[in-house]
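Here are some notes to read with the structure open beside you. Take the points in order, and find each residue as it comes up.

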Amino acid sequence: MNKLWSVAFLTFKEGLKHRILYCVFIVALLAMTLSVLISGFFMRDISKIILDFCLATISIGGLLVPFFLGITLLAGDIDKRTVVTILSRDISRPQYILGKYIGISLLTGMIMAFFFAATIIAIQGGILLYGEHYFKSYSLLAVFSSTLLNYFGISILNAVVVLWCSITTTSFLATLLTLATYLVGHLMDDVVRFIESPPPGILISMPLQKTVQATQYIFPNLAAFDHKLSAAHGIPIPFIQFSVLTSYAGVYIVAVLSLSIVLFTRRDLC
Amino acid sequence: MQGFFYVPMIKIKHLVFDNVKKTYTADLGKKKTALTGLTLSVLEGEVFGIVGPNGAGKSTALKILTGFIRPSQGKVTICGHSPQISSSLKKVGYLPENPCLYEHLTLQDHLSFAGQLAGYSKEKTRERSNNLLELVQLDKSGNQSIRRFSKGMTQRAALAYALFHEPEILILDEPMSGLDPVGRKLVIDIINNYNQQGNTVLFCSHILTDVERICDRIGIMHQGQLACVLKGEELGGANELESIFLKTVSMGVQ
């Protein structure tokens, strides 16, 4: 356990020293500051505009972690053979995979916690600038639960990054596969809905229906973790829905990481 | 002699390759054989050097020994245990051919990590780090990012990392590559000192004079197997290893 945390801490420390992290911070802070100023142009929806902006920034900022930092920290380890530094010690491959995942998740968590704090500050700035009566629909709980679910969605994507990096030999391929998973994960809900109730006159073949239905169980349903809209309107996510999504994320992450461990353990490195 | 009876000193086999074969699947599904049946034992407390032409399978053998790749056939053990079991690497320090440390971290960060893994206290980690930094002559560069290091400095930094947990067995893949004569002498002195403490060293190198100087036994590898093993003391004159090496390589494995 101690070794696992040592790997996680090393990954976290390495991630902190990447310049991209600071670019993400600066761009996000600029966007959040601008949101307060821009919202003044939409006098009826100030609270909604600020929250829309800030939650989208949290979402995009968080998303940059798996795509840039996650892949750099994991696939780069295999590409540049820095993996030897860790695995030449008495660290098992499962400990390495889990340690890396925890390190990347800690980085994601830190970034999202920072953005969440910035969102609250932006809202307070908006209240000071425009007055409290424009923020009647604002709900801290809704913003918090939406951010937390967003974090769970990105944690799933982090696990997917770990899986693709365990199989592929280049970071480019891992990035492409992660991007494909992200797109499928976001669009699958709509495709399934379309397949299940197609517009009149359109016939969908049975094999296609079955394939799409099977695919939705393989790929993560990332769209389910997107609750920005309800948070912007101050509608908290029902507790049962929150619990189901949290459990889904937990089960999916465990399954993907287990598969990654099996594949990575069998792989020849270097 | 111990008392009346003569007790012969039996040296334990620390590292064993038993008819190890390794076949890779190269591009377009072509099979490439790196090791064709390597059998070799390294005894406790000896310095064993492996020499061989490019593509002889030296690095592959060391990677199998450290568990990074699996043999297609045969058995490899470290002190009787498979290198695939991570705990068997507790006694091993490994320096790869092209050491790759984390560019954004400092050498001190790497040594602290090594200390955590070895279960050392913070105080012991600090003390050991200072000693090692002094040993590899990087005491002024401990807090610099690895990306600012030259190749020779990286090589020495990786050696310090490999030695951190005081391993009983040191496995070095081309430890002298990228080093200037001063650096080479430093590494040779470290290997000699380390061996004098009763530890085992297995290393491969292209620099035959260095191998000749520090090894108890030398194995010449060719075409994925051990062509011959020489004792260091048997090699008398200058460049004798080189002439045997050239002869072995030109004759092939017999």
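Helices (H or I, at least four residues) and strands (E, at least two) are DSSP runs, numbered from the N terminus. This is a predicted model, in which local features need pLDDT of at least 70 and side-chain atom pairs count only at pLDDT 80 or more, while totals for chains, interfaces and linings use all residues. Residues are numbered from 1 along each chain as its sequence is written, chains are lettered from A and ligands numbered from 1 in the order in which they are written, and side-chain values use heavy atoms, with hydrogens and water left out.

1. Let's begin with one residue of chain A. Thr108(A) sits in helix H5 (residues 93-130) of chain A. Its relative accessible area is 0%, so Thr108(A) is buried (buried means under 20% relative accessible area, exposed over 50%, partly exposed in between, with a 1.4 Å probe and protein chains only).

2. Which residues are in contact with Thr108(A), leaving aside its neighbours within four places in sequence? They are Gly62(A), Val65(A), Tyr151(A), Ile154(A) and Asn158(A); contact means heavy atoms within 4.5 Å. With Asn158(A) there is also a polar contact between the two side chains, at 3.1 Å. A polar contact is a pair of N or O atoms within 3.5 Å; within protein, one must be able to donate a hydrogen and the other to accept it, and residues adjacent in sequence count only if both atoms are side-chain atoms.

3. Now look at where the chains meet. On the chain B side, 31 residues are in contact with 32 residues of chain A. The two chains bury about 2900 Å² between them, 57% of it on carbon and sulfur atoms. Buried area is the accessible area (1.4 Å probe) that two parts lose on being put together, summed over both. In chain B, Phe68(B), Tyr102(B) and Leu117(B) lose the most area to chain A, and together they make up 28% of what that side buries.

4. The interface has polar pairs too. Across it, 14 residue pairs are in polar contact, both residues being at pLDDT 80 or more. Strand S5 (92-95), helix H2 (107-118) and helix H4 (151-163) of chain B each supply at least two residues of the side that touches chain A. The largest share of that side, six residues, comes from H2(B). By type, the residues of the side of chain B that touches chain A are 16 nonpolar, eight polar and seven charged. Here Ala, Val, Leu, Ile, Met, Phe, Trp, Tyr, Cys and Pro count as nonpolar, Asp, Glu, Lys and Arg as charged, and the others, Gly among them, as polar.

5. How many salt bridges are there between chain B and chain A? The count is three, where a salt bridge is a side-chain nitrogen of Lys or Arg within 4 Å of a carboxyl oxygen of Asp or Glu. Asp268(A) forms a salt bridge with Lys22(B), with the closest N and O atoms 2.6 Å apart. Lys13(A), Lys17(A) and Asp109(B) are linked in a network of salt bridges.

6. Over all chains, the count comes to 13 salt bridges. One of chain B's pairs is Glu46(B) with Arg217(B), whose closest N and O atoms are 2.7 Å apart. Glu46(B) lies in the loop between strand S2 (31-43) and strand S3 (47-51) of chain B and Arg217(B) in strand S8 (residues 217-222) of chain B, so the pair ties together parts that are 171 residues apart in sequence. Glu46(B) counts as buried at 6% relative accessibility, and Arg217(B) counts as buried at 19%.

7. Compare that with Arg213(B) and Asp210(B), a salt bridge with closest N and O atoms 3.9 Å apart. These two residues are three apart in helix H6 (residues 208-214) of chain B, so about one helical turn separates them.

8. A last word on confidence. The mean pLDDT of chain B is 87, and 93% of its residues reach 70 or more; pLDDT is the predictor's confidence in each residue, from 0 to 100. Within chain B, confidence is lowest in helix H7 (residues 240-251), at a mean of 82, and highest in helix H3 (residues 122-135), at 94.
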